[in-house]
Amino acid sequence: MADNLDDDWWVESNNSSKSAEKVNEEKQPTSNKQKKRHDVTTGSGTGNELPVNKHKRRKITESLSLKPPKPSTFVDLHSELVNNYRGELTSIECNDLLTIPDDACLPINEDLQDLNIYLHRNIPTWRKEIIDHYKKRSPLMILISASAIRCVSLYKDLKEFRESPCKSAKLFAKHMKIEEQTTFLATNIIHLAFCTPHRLQSLLDNKSISLKRTRYIILDYNYRDIKSYRMIDIKQIRCALFEMLKVYFIPRSKKGKLQIALV
């Protein structure tokens, strides 16, 4: 049977091609979405793709909170002293000038117990020594901390330990001028002094403070500030502290006249 050429056969063909184009147009956005999704996950492309997650480095404060460090010992202190003066002193001089005798080292506060308890436990004769102490310009005990704010905090924390008849003094830059502190020390008997390294070094250098009757040096050595820095982690403070240890504290400890504590 012959084909009926009267039918509009070309119309159907044309519609078929349009339908195919429409199908392709409908598929195109899907492929674009897939491409965009691929760009997001791989980080390629130039659109508003999401940032690629990277390994987040743990801060030192987070590490310390997870695993608190052990308190430093006198062995650690000696190592720090030797490293600080390496190149300036020979190994023989380091052993001679930077070594604190064992009998001059108070026990380490390993449990980081309350400072009132620690001092009462390791200096049981404190009350008697206060009564017998009469020398001006020479505090019986000197507590050294990194900053004025920390000194004030320790002053408040040691309220029990510094009960009467103990007389205390705050010796740091933000409290009084050095001339006023010099006058105060010359006219008052002080049992417990709270000091920062730089101010104490200045008072020792200008002879405003004498260590003649000083029996105890307490170093706030293991305390960490909000940035997790210890006293020796700050260069200027470390230099002042180590110089006082070398010039003033260690020589007197070798003579059996001074004891040192790391708290």
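**Figure 1. Asp-114, Asp-157, Glu-160 and Glu-163 form a negative surface patch.** The model shown is predicted; local features need pLDDT of at least 70, side-chain atom pairs count only at pLDDT 80 or more, and totals for chains, interfaces and linings use all residues. Residues are numbered from 1 along each chain as its sequence is written, and side-chain values use heavy atoms, with hydrogens and water left out. A patch is made of residues with over 30% relative accessible area and no salt bridge, where like charges are joined within 9 Å and nonpolar side chains (Val, Leu, Ile, Met, Phe, Trp, Tyr) within 5 Å. Accessible areas come from the Shrake-Rupley method with a 1.4 Å probe, and for residues only the protein chains shown count as cover. Asp and Glu count as negative and Lys and Arg as positive, while His and the chain ends are not counted. The place of a charge is taken as CG of Asp, CD of Glu, NZ of Lys or CZ of Arg. Glu-163 is found in the loop between helix H7 (148-157) and strand S2 (168-171). Helices (H or I, at least four residues) and strands (E, at least two) are DSSP runs, numbered from the N terminus. Glu-163 counts as partly exposed because its relative accessibility is 44%; buried means under 20% relative accessible area, exposed over 50%, and partly exposed in between (1.4 Å probe, protein chains only).

**Figure 2. A positive surface patch is made up of Lys-212, Arg-213, Lys-255 and Lys-257.** Lys-257 sits in the loop between H10 and strand S5 (259-262). With 42% relative accessibility, Lys-257 counts as partly exposed.

**Figure 3. Arg-252, in helix H10 (residues 235-254), is buried and has no salt bridge.** A salt bridge is a side-chain nitrogen of Lys or Arg within 4 Å of a carboxyl oxygen of Asp or Glu. For Arg-252, the nearest side chain of opposite charge is Glu-129, 12 Å away. Leaving out residues up to four places away in sequence, Arg-252 touches Leu-211, Lys-212, Lys-257 and Leu-258. Contact means heavy atoms within 4.5 Å.

**Figure 4. Asp-220 and Arg-150 meet in a salt bridge through their side chains, at 2.7 Å from N to O.** This pair links distant parts of the chain, 70 residues apart: Asp-220 is in the loop between strand S4 (216-219) and H10, and Arg-150 is in helix H7. Asp-220 counts as buried because its relative accessibility is 5%. Arg-150 is buried as well, with a relative accessible area of 16%. Side chains of opposite charge can pair when their charged atoms come close.

**Figure 5. Asn-222 lies in the loop between S4 and H10.** Asn-222 has a relative accessible area of 15% and is therefore buried. Apart from neighbours within four places in sequence, Asn-222 is in contact with Pro-71, Ser-72, Leu-262 and Val-263. The C-alpha atoms of Asn-222 and Thr-73 are separated by 9.5 Å, although these residues are 149 residues apart along the chain.

**Figure 6. A salt bridge joins the side chains of Asp-233 and Arg-230, at 3.3 Å from N to O.** Asp-233 is partly exposed, at 34% relative accessibility. Arg-230 is buried, with a relative accessible area of 15%.

**Figure 7. Lys-246 and Glu-243 form a salt bridge, with their closest N and O atoms 3.8 Å apart.** Both residues lie in helix H10, 3 residues apart, which is about one turn of the helix. Lys-246 is buried, with a relative accessible area of 17%, whereas Glu-243 counts as partly exposed at 27% relative accessibility. Glu-243 is also touched by Gln-201, as are Ala-240 and Met-244, not counting residues up to four places away in sequence. Gln-201 belongs to helix H9 (residues 197-205) and is buried, at a relative accessible area of 18%.

**Figure 8. The whole chain has 10 helices and 5 strands.** Of its 263 residues, 35% count as buried. A search of the whole structure finds 4 salt bridges. Among contacts between residues at least 6 apart in sequence, 73% join residues at least 24 apart. The chain exposes about 17000 Å², and carbon and sulfur atoms supply 51% of this area.
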